[in-house]
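Please read them with the structure open.

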Amino acid sequence: MTAAPLLEVTDLQTHLHLRRGVVRAVDGVSLRIEQGEALGLVGESGCGKTMTSLSLLRLLPKGSGAVMQGSIRLDGQEITALSEAEMVHEIRGKRIAMIAQDPMTSLNPVFSIGDQVSAPFRYHGLARGGSALRAKAAEVLRRVRLASPEKRLRDYPHQFSGGQRQRIVTAMAIACTPRLLLADEPTTALDVTIQAQIIALLRSIQQESGAGIILITHDLGVAASLCARIAVMYAGRIVEQGPVREIYKRPAHPYTRALLSAVPRLGAPRGGRLTAIPGQPPSLLDPPAGCRFAPRCAHRMAACEQYPPDLAIGPGHSAACWLTAKG
Amino acid sequence: MIGFLWRRLGHGLVSIIGASLVIFIISRLSGDPISLLLPPDAPPKIIAAARIQLGLDLPLWHQYLIFLTNAAHGDFGQSYRWQMPALDLVLQRVPATVELACAGLLFSVALAVPLGVLSAVHRDGLIDLGGRLLAMLGQAMPNFWVGLLLILLFSIYLDWLPAFGRGGIQHLIMPAVALGWYPVAAQTRIVRSAMLDVLESDHIRLSRALGTPEWLIVWKYAFRNAAVPLLTMLGVYFASMLSGAFIVEVIFAWPGIGRTVVEAVFSRDFPVVQAGVLLSSILFVLATLLVDISYSLIDPRIRHER
Amino acid sequence: MSDRALSAPLPIPRLRARLGLRGWPWLSLFILGTVIAAALLGDALSPWDPNDIDLGASFQPPFWMATGAFTHPLGTDNLGRDILGRIIAGARVTVVVSLYAILLSGAIGALVGMVSGFFGRWIDTIIMRVVEIQNSIPAVALALILAAVLRPGLNTVVIVIVLTYWSWYARIVRGEVLSLKTLDYVAFARTAGVSTPVIFRRHLLPNIMNTLLVLATLQVGQVIIFEASLSFLGLGIQQPDVSWGLMLSDARQYITNAWWAITMPGIAIMLTCLSANMFGDWLRDRLDPRMRQL
């Protein structure tokens, strides 16, 4: 008997009711992550990947008139039914934790890192009292390989380098051993050597604690280095998902193919042009009824007026494209 | 950090000396300082002695040096109304003024902080609009008028609070409110806009994402960031408290420097005026210095820069 | 006031284009207009004589009270003088002092600020030190010592206000000029050998006009209150001239007998300041929203 999936999202929709109209930021996303699995959520800016992760935590910006719909099951429990207080106390930072995107701005400049790293322990009731909190903070900072943590608890964020701050922010996320980690572009603000270290760190965390990871990125290489499966997002929907090797060897959806070919490769002939995808993603205010990639797709057909369902291509590999139906 | 302190002290000293120069220049504007510094009925022998002592036949810069050295020794002349050294008279009154200025500042901050924070958190809500209205009114009402109205209401009609003098807390309330009323508007604006900025920041969003309770986010994590711009302005507000205290003291017969100097102007007791003005300048410079130091204590980034 | 950093070169906005007719703060303008009208026409048109002493009618309450009447709509003071009439008369002092004081301090402050910002280096340092020194003497204290030497009166008030507020303009104008200095056409003018006064007049002044205008209107409220405070203390306007601050000072003597004598002039001050502030805010939002933090 297989274990229940860690995360099961069914038809998640997040619509923002703004003055200019309704923005369908997340428009019917379904995901599934097994225990201890890393999923890469890939797509260009504005496709809805960040909104998806915010929706998991129900952290929708106030005053944006956000309305959420759909089912989110964490370890079998329906978390959309929880109250806000329960989300604060039980889910956020405890069972689902977010690793901040920009380490330079994600740490509070007027509080010591000891205070900030021990905060999740304090607010989820995992430790009380100054020395206990400090011990816990030092311990988790050691897990992320920050040098001499006890001595540095009193220091402030500006006294650390970018790579160190990323580790601190990662420590804050794994403090309460969450079941699911949301890493939103954890490497974008860093240079390549540090990137590799952070990815290695995430891998070791995954192995040590068995936590699942959703890695949000636009960088396909980063996704490939950590994740077992990839989900490609476009205009608020998932257009293709599957095992990472499958996707890279046999990309089914034209958008995925275009993304892969847009990455410049070493060894490619010099003087060749970079392949860019022509056109712009559709506005999420009034998305087209049919396939949303159709206007930019080289293989557009008449059938694309109708939005294609998720069609299976291989084991665990599916894409929402009429092309696959043809075989 | 120490270097920074010395530099600030240096600046302060320059300001104080500059203030003394301004006071000196003004005192010589009337043409005949003797008529200012001595009572009108002074016998000619005293006048002649004063002429020599002040060096009135010497060039102006020399006179200033005499003035400065005297001042450094605490000699500002005699108050002829009170028959005691002018400086002593004024020094006696300093605690009262400081008490009033601090109380006024405390009142304005105690009002501005919750107003500002709540206005930012419930943006465009009732508190926000109400607070803005209150603040606007505050900026349009002179502090002495507020004081008079308070006396009218609480002393004359309701007989709850005493209208004059210094004593217990019931004597302090009305003057502090009258004094602190004016800067509430500006302070609330500062707090509100600082909070609005911080609440949008990445680190607050991360705090929220990691399950920090909302009230802690607002009052602990956001507020400490927002407090920084307010603190930098506190020196300015303390100065306006000192300035406003002059008038409020007159209304409430508060025994501070302000009232003393005002009375001295009308009783032609110029030594007291000189001493009082210089002393209030020193007070202000000290206050600004203190605020600058505490600012670097609050914001760790500054602390480490120095 | 802090210098603010401008990130982009300032265009020279055309006043007429920016001030459309919609969304003007009509209430504030109405009140301000009334005050100005009272100042200009009060002498000629007001039926209530501010100086008519009528001891028989002293301490008469406003018209809505039991013993009040329309002959003295807002009541009378201890000498039977009509309060409304005195308020109208006091408007003149308010307007005159505000105008002079703001024009003078604005002009002086702007000039000093331009010199300081444009020439920089030791001139700038000295001027900024002077500003610091002037700022360390509390305004009222300065007023007191000046009045002790110069004798109280309208001129003293104007001098005190100018001496207190010029530095505010100077600091802010200096900040603007520091940024303007880096603009291409200013640099070209300098290298082309254009004389400094011409640069000031042609290139710098138009660009800081907006800021000056906004500063000036924001100042009106403060200046009015300052004048009222000085007159209240007896350092400003003297009898038989009328000033709202002076009225309050008189009324203080008999505060238990006539609450209206304390309240009415204060309300006049409050309404005028409120309108000036609201107008100033509106003007600032229209012309230069970046100055919001002032």
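Which residue in S5(A) is the bridge partner of Leu74(A)?

1. The partner of Leu74(A) is Gln77(A). The model is a predicted one, and the points below should be read as a description of that prediction. Leu74(A) belongs to strand S4 of chain A, which spans residues 66–74 and is joined to S5(A) by 2 bridges. The two strands run antiparallel.

2. These strands are part of an open sheet of 4 strands in chain A, with the order S2-S1-S4-S5 and antiparallel pairing. Strand S2 (21–33) and strand S5 (77–78) of chain A each have a single partner strand, so they stand at the edges and one side of each has no neighbour in the sheet.

3. Helix H1 of chain A, residues 49–57, packs on this sheet. The strands that H1(A) touches are S1 (7–18), S2 and S4 of chain A. The direction of H1(A) makes about 105 degrees with that of S1(A).

4. How many of the 9 residues of H1(A) are buried? The count is 8, so the helix is largely enclosed by the rest of the structure. The buried set holds Leu54(A), Leu56(A), Leu57(A) and Met51(A), together with Thr52(A), Ser53(A), Ser55(A) and Lys49(A). Just after the helix, Arg58(A) has a positive phi of about 55 degrees.

5. Turning to the aromatic rings, there are 16 aromatic pairs over all chains. One of them is formed by Phe111(A) and Tyr221(B), with 4.9 Å centre to centre and 50 degrees between the planes, and is classed as tilted. This pair crosses between chains. Phe111(A) lies in the loop between strand S6 (96–99) and helix H3 (113–123) of chain A, while Tyr221(B) sits in helix H11 of chain B, residues 214–252. Phe111(A) and Tyr221(B) are both buried.

6. A second pair, Tyr234(A) with Phe293(A), is edge-to-face: the planes stand at 90 degrees and the centres are 5.2 Å apart. Tyr234(A) and Phe293(A) are buried.

Technical notes
Residues are numbered from 1 along each chain as its sequence is written. Chains are lettered from A and ligands numbered from 1 in the order in which they are written. This is a predicted model: local features need pLDDT of at least 70, side-chain atom pairs count only at pLDDT 80 or more; totals for chains, interfaces and linings use all residues. Side-chain values use heavy atoms; hydrogens and water are left out. Two strands pair if DSSP finds at least two bridges between them. Contact means heavy atoms within 4.5 Å. Axes are lines fitted to C-alpha atoms, for helices over the stretch in contact, and angles run from 0 to 180 degrees between N-to-C directions. Buried means under 20% relative accessible area, exposed over 50%, partly exposed in between (1.4 Å probe, protein chains only). Rings of Phe, Tyr and Trp (its six-membered ring) pair if their centres lie within 6.5 Å; planes under 30 degrees apart count as stacked, over 60 as edge-to-face and the rest as tilted.
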